[in-house]
Amino acid sequence: MKFRRELKYLINYADAELLRERLSTVLHRDSHTVGDRYHIRSLYFDDYYNSYYKENEIGSDPREKFRIRIYNGSASKITLELKKKERNKTLKLSCPLTEEQCRTLMKGVPLPMRPDYPPLLQKLLLQMRTRLLRPVIIVDYDRVPYVCKDGNVRITMDKNISASRQLDQFLEPVIPKRPVMEKGSHILEVKYDEFLPDYIKTSLELGTLRQTSFSKFYLCRRFG
């Protein structure tokens with residue numbers, strides 16, 4: 001369990017295309033891409049008081065969020081994740097879910113407690129019972145990912161960020177959704193461990209990058 005640095009920037013279409021051209025010469029694409037990207041869909045939870053949403057709004061530190069995630073509209077791999085943020089660093093914990101487990105959790109119904117469940121799932125179930133944690137929003141987008149072993153760097157560009165409140169359709173291949181950003185807007189995320197290599201810093205230099213605390217979860221909750 002290791003906290004990583006995570007930097008976020010809001011960029012336009014022209015900057016995204018320029019970065020794609022630069023990064024393609026020095027980094028590798030993530031092995032899970034289909035073509036040059038993959039599709040991510042996450043089902044986020046919040047409690048009775050909307051604590052996750054409010055913590056994002058005021059920038060609480062530390063804070064955390066539970067979500068269930070699938071890729072490319074497929075239920076073949078379903079993952080429960082807990083993302084923690086503390087002192088400008090992030091930590092992501094995960095464990096697999098079966099489709100049956102996922103469909104039960106989608107309804108806001110906690111599974112019966114079992115000692116053989118992974119600790120992360122047990123924590124979610126406990127919070128569903130004690131804090132009334134329930135699914136609240138679907139966050140849906142396309143991601144172009146690049147990776148590098150030096151510094152364990154991962155650079156992603158996310159676009160077509162959309163929200164859906166059709167929680168019961170989370171596992172469907174196609175769902176009704178609403179865009180929450182202007183067309184052409186991208187979110188650039190730079191994640192690494194102890195250091196970011198100089199040649200990657202140079203490739204990212206645009207002269208216009210301004211770091212932001214952007215949260216797709218918060219934006220989709222607010223405008224979705």
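Colleague: In which strand does Arg67 lie?
Modeller: Arg67 lies in strand E4, residues 63-71. Strands are DSSP runs of E, at least two residues long; helices are runs of H or I, at least four, and both are numbered from the N terminus. This is a predicted model, in which local features need pLDDT of at least 70 and side-chain atom pairs pLDDT 80 or more, while totals for chains, interfaces and linings use all residues. Residues are numbered from 1 along each chain as its sequence is written, and side-chain values use heavy atoms, without hydrogens or water.

Colleague: Why is Arg67 called buried?
Modeller: Its relative accessibility is 6%. Buried means under 20%, exposed over 50%, partly exposed in between (1.4 Å probe, protein chains only). So Arg67 counts as buried.

Colleague: Which residues does Arg67 touch?
Modeller: Contact means heavy atoms within 4.5 Å. Leaving out residues up to four places away in sequence, Arg67 touches several residues, including Ser42, Phe45, Thr79 and Lys92. Tyr44 joins its side chain to that of Arg67 by a polar contact of 2.9 Å. That label needs N or O atoms within 3.5 Å, one able to donate a hydrogen and the other to accept it; sequence neighbours count only through side-chain atoms.

Colleague: What makes Glu81 and Arg67 a salt bridge?
Modeller: The rule asks for a side-chain nitrogen of Lys or Arg within 4 Å of a carboxyl oxygen of Asp or Glu. For Glu81 and Arg67 the closest N and O atoms are 2.7 Å apart, and the pair forms a salt bridge. Glu81 is in strand E5 (residues 74-86) and Arg67 in strand E4, 14 residues apart. Glu81 has a relative accessible area of 3%, so it is buried.

Colleague: How many salt bridges does this rule give?
Modeller: The count comes to 25. One of them joins Arg41 to Asp140, with the closest N and O atoms 3.0 Å apart. Arg41 is in strand E3 (residues 38-46) and Asp140 in strand E7, so the pair ties together parts 99 residues apart in sequence. Both Arg41 and Asp140 are buried.

Colleague: How far apart are the closest N and O atoms of Asp47 and Arg131?
Modeller: They are 2.7 Å apart, in a salt bridge. Asp47 is in the loop between E3 and helix H2 (51-58), Arg131 in the loop between H4 and E7, 84 residues apart. Asp47, at 7%, is buried. Arg131, at 30%, counts as partly exposed.

Colleague: What makes Tyr38 and Tyr71 an edge-to-face pair?
Modeller: The whole structure holds four aromatic pairs. The rings of Tyr38 and Tyr71 are 5.6 Å apart, centre to centre, with 75° between the planes, so the pair is edge-to-face. Rings of Phe, Tyr and Trp (its six-membered ring) pair with centres within 6.5 Å; planes under 30 degrees apart are stacked, over 60 edge-to-face, the rest tilted. Tyr38 is buried at 5% relative accessibility. Tyr71 is partly exposed at 24%.

Colleague: Why are Tyr53 and Tyr218 called stacked?
Modeller: Their centres are 4.8 Å apart and their planes at 20°, so the pair is stacked. Tyr53 is in helix H2 and Tyr218 in helix H6 (residues 216-223), so the pair ties together parts 165 residues apart in sequence. Both Tyr53 and Tyr218 are buried.

Colleague: Where does Leu132 lie?
Modeller: Leu132 lies in the loop between helix H4 (119-130) and strand E7 (134-148). At 41% relative accessibility, Leu132 counts as partly exposed.
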